[in-house]
Amino acid sequence: MYHLYGGRGSGSAIVEIALEYCRAPYRSIEAAPWEDSPGREALARLNPLLQIPTLQLPDGSILTESAAILIHLGLEFPDSGLLPAQASARAQVIRGLVYIAANCYSAIGILDYPERWISGADELLKARVRRATADRLLRSWEVFAQQFAARPFLGGAAPGALDIQAAVVSRWSGAREHLRGSHPDFFALLQRIDHEPPIAAILARHWPCASSS
């Protein structure tokens, strides 16, 4: 059985959805590092950076980084549809997963905790860092929307790993609202992904009061 250390409203939703696609048995452990959650101490032993999602594999080994987890599960469960069977299409999906992780997901950490990147920063400087990071984040999503076309989904005929990652990470820091105006076709794609089962059920559990718009 897989053990998923995560938190509500976090990137662990990505891995939950992927595990559902794999039809793999798993246990979710609430381990949000920003509060005194039940699994926080166990998470610290497994992942000293206290990052979620952290996935413990059935053999007891630990896998971190959502893109790496998605790629591993897609390879471990080839019938899940997480990764395309065709090599060139699979390469582009892997490119997209790493792109979002490096350019979009990473920016969220700077927006949330600018003091981790600038020692002795006052509130004015932290606000400047947040503004610059937000601009960079939205530009990164614009480039992604231009570079990765739906066919009709990012993974091909059906949603896959890249669709799952994009649907979750785009929910943060105003990306959806920005894309509604700048790239309405891509915004519409994200909405379609939101409504795909089992994606919709897990999104509703993580963001019960949020709409897909």
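Tutor: Let us begin with a term: helices, of at least four residues, and strands, of at least two, are DSSP runs numbered from the N terminus. Please keep in mind that this is a predicted model.

Student: How many helices and strands does the chain have?

Tutor: The chain has 9 helices and 4 strands. Along the sequence they follow the pattern β-α-β-α-β-β-α-α-α-α-α-α-α.

Student: Into which domains is the chain divided?

Tutor: Domain 1 covers 1–74 and domain 2 covers 85–195. To their contact, domain 1 contributes 15 residues and domain 2 contributes 12 residues. The centres of the two domains, taken over C-alpha atoms, are separated by 20 Å.

Student: What radius of gyration does the chain have, and what would a compact globule have?

Tutor: A compact globule with 213 residues would have a radius of gyration near 17 Å, and the chain agrees because its own value is 17 Å. Its C-alpha atoms fill a box of roughly 50 × 40 × 35 Å along the principal axes. Of the 213 residues, 47% count as buried. Among contacts between residues at least 6 apart in sequence, 64% join residues at least 24 apart.

Student: Which peptide bond with omega near 5 degrees is cis?

Tutor: The bond from isoleucine 52 to proline 53 is cis. Proline 53 lies in the loop between helix 2 (40–46) and strand 3 (54–56). A cis peptide bond also joins proline 197 and proline 198, with omega about 0 degrees. Proline 198 belongs to the loop between helix 8 (184–194) and helix 9 (199–206).

Student: Which residue other than glycine has a positive phi near 70 degrees, and where is its place?

Tutor: Glutamate 65 has that phi, and its place is in the loop between strand 4 (62–64) and helix 3 (66–76). Serine 173, also not a glycine, has a positive phi of about 60 degrees. Serine 173 is found in the loop between helix 6 (161–169) and helix 7 (175–182).

Student: Why does serine 173 count as partly exposed?

Tutor: Partly exposed lies between buried, under 20% relative accessible area, and exposed, over 50%. Serine 173 counts as partly exposed because its relative accessibility is 38%. Glutamate 65 is partly exposed, with a relative accessible area of 45%.

Technical notes: Residues are numbered from 1 along each chain as its sequence is written. This is a predicted model: local features need pLDDT of at least 70, side-chain atom pairs count only at pLDDT 80 or more; totals for chains, interfaces and linings use all residues. Side-chain values use heavy atoms; hydrogens and water are left out. The radius of gyration is taken over C-alpha atoms; the globule rule is 2.2 Å times the number of residues to the power 0.38. Buried means under 20% relative accessible area, exposed over 50%, partly exposed in between (1.4 Å probe, protein chains only). Contact means heavy atoms within 4.5 Å. Domain bounds come from an automatic or database domain assignment.
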